[in-house]
Amino acid sequence: QAFWNARYAGEEFVYGREPNDFVVQAVPAIPHQGRVLCLADGEGRNSVWLARQGFRVTAVDVAEQGVAKGRELARASGVEIETRVADVTRFDLGVERWDAIVSIFLHLPSKARRDLHHRAIAALESNLDDADPATVAEAIKIGGYFNSGQDCTASSRILVSEKIYDD
């Protein structure tokens, strides 16, 4: 937490104000005006952009400095996002609560990442029918997304994950 607060303490946006390219590419698969949870969202570039696209967004990050900058970016962009300062490994994702969960450059050890992905599967607003959440969580790939629906209609649910760092 101290590391990230120090990193986000300056006026500049460490990763810029524009969304990650992967988020932009994946957004067509997210149900229109859906509820999106952005994990470890830092200074809010992805959550604010998603809110500008019409999604209802909640951003979670461990760094108070990052969350504060995300709130300011949202205000300056004329959108609203809900924010939470929390450790994503302990944050209650809920059950069948989100239409999409976005996880971009989330730096976690592999066990913590797997545990988070298991909880994220349960938090998606869709049942997985006969799919085993453990198998699904393991199948989430680098630079890919998991879609628990059969197509990209309003019934689709997606978990986005980009870069995975192994221990």
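Two strands are taken to pair if DSSP finds at least two bridges between them, where strands (E, at least two residues) and helices (H or I, at least four) are DSSP runs numbered from the N terminus. By this criterion, strand S1 (residues 35-39) and S4 pair in the parallel sense over four bridges, and the bridge partner of leucine 39 in S4 is serine 103. The structure is a predicted model, in which local features need pLDDT of at least 70 and side-chain atom pairs count only at pLDDT 80 or more, whereas totals for chains, interfaces and linings use all residues. Residues are numbered from 1 along each chain as its sequence is written, and side-chain values use heavy atoms, with hydrogens and water left out.

The protein has six helices and six strands, which follow the pattern α-α-β-α-β-α-β-β-α-α-β-β along the sequence. Of its 167 residues, 49% are buried, a term that stands for under 20% relative accessible area, with exposed meaning over 50% and partly exposed in between (1.4 Å probe, protein chains only). Contacts, defined by heavy atoms within 4.5 Å, are made by residues 24 or more positions apart in 64% of the cases with a separation of 6 or more.

In strand S4 (residues 100-103), Ala100 and Val102 point one way and Ile101 and Ser103 the other way, and all are buried. In a regular strand the side chains alternate between the two faces of the sheet.

A nonpolar core is a set of buried Ala, Val, Leu, Ile, Met, Phe, Trp, Tyr and Cys residues joined through side-chain atoms within 4.5 Å. The largest such core has 21 residues, and those with the most contacts inside it are Val36, Leu50, Phe55, Val57, Ile81 and Val102. Two or more residues are given to this core by each of helix H2 (21-26), S1, helix H3 (45-52), strand S2 (56-61), helix H4 (64-77) and S4, and H3 gives the most, with four residues. Leaving aside neighbours within four places in sequence, leucine 50 is in contact with Val23, Val27, Val36, Cys38, Phe55, Val57 and Val102. A second, separate core of 15 residues includes Ala86, Val88, Ala120 and Leu124.

Helix H3 is largely enclosed by the rest of the structure, because seven of its eight residues are buried; these are Arg45, Asn46, Ser47, Val48, Trp49, Leu50 and Ala51. The cover over the buried residues of H3 includes H2, S1, S2, H4 and S4, and just after H3, glycine 54 takes a positive phi of about 100°. Threonine 58, whose place is in strand S2, is buried with a relative accessible area of 6%, and its contacts, apart from neighbours within four places in sequence, are with Val36, Leu37, Cys38, Glu82, Arg84 and Trp98.

Alanine 40 is found in the loop between S1 and H3 and is partly exposed, with a relative accessible area of 24%. Glutamate 96 lies in the loop between strand S3 (82-85) and S4 and counts as partly exposed at 41% relative accessibility.
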